[in-house]
Amino acid sequence: MSRDADAIDAFLKLADSLGELEVVIGPRARGAVGEVRAALREAVTMRERGDLRGALEAIRRAMNRLAALGAELDPGEGAMMRVIAERFASALSFGDKGEAKGAVNVMRKKAGDIRDGGDDENQW
């Protein structure tokens, strides 16, 4: 599988894992989770079309919305998630795929995904 396909797969897995967040938080998370999912799917579509800049912006928007949801629920958690989202955006800006992958794995775990995100999955 190509690195691009792996990156797309990673975002789709993140979008899918958000369902766990809805279960834990309940109905008040539904709108935010829907927005994050939509932005991640938009990023995948843009990436497939070759619009890397648009894809990165959609990912940044998704991560910021996820951080905002965290802040609504727990200000400390929200602040931590915002730092992770900023770390992710910065890593992508500098082409640091390893750092970006680490940030995505942390966000996935915060969203309820229990997989370990080891080197054999979610490759960038």
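1. A nonpolar core here is a set of buried Ala, Val, Leu, Ile, Met, Phe, Trp, Tyr and Cys residues joined through side-chain atoms within 4.5 Å. Please keep in mind that this is a predicted model. Its largest nonpolar core has 32 residues, and Met-63 and Phe-88 make the most contacts inside it. Two or more residues come from each of α1 (3-25), α2 (30-49), α3 (52-73), α4 and α5 (97-110). The biggest share, nine residues, is from α3.

2. Helix α4 is worth a look on its own. The buried residues of α4 include Gly-78, Met-81, Ile-84 and Phe-88. Viewed down the axis, the buried residues of α4 fall within an arc of 160°, so they line one face of the helix. Pro-75, Val-83 and Ser-93 are exposed on the face turned away from that buried side. Just after α4, Gly-95 has a positive phi of about 75°.

3. Now the charged pairs: the structure has five salt bridges. One of them joins Arg-65 to Glu-35, with the closest N and O atoms 3.0 Å apart. This pair links α3 to α2 across 30 residues of chain. Glu-35, Arg-65 and Glu-72 form a network of salt bridges.

4. Another salt bridge pairs Arg-87 with Glu-99 at 2.5 Å, N to O. Here α4 is linked to α5, the two residues being twelve apart. Arg-87 is partly exposed, at 30% relative accessible area, and Glu-99 is also partly exposed, at 32%.

Notes. Residues numbered from 1 in each chain as written. Predicted model: local features only at pLDDT ≥ 70, side-chain atom pairs only at ≥ 80, totals over all residues. Heavy atoms only, no water. Buried < 20%, exposed > 50% of the residue type's maximum accessible area, 1.4 Å probe, protein only. Helix = DSSP H or I, 4+ residues; strand = E, 2+ residues; numbered from the N terminus. Arc of directions from axis to C-beta. Salt bridge = Lys/Arg side-chain N within 4 Å of Asp/Glu carboxyl O.
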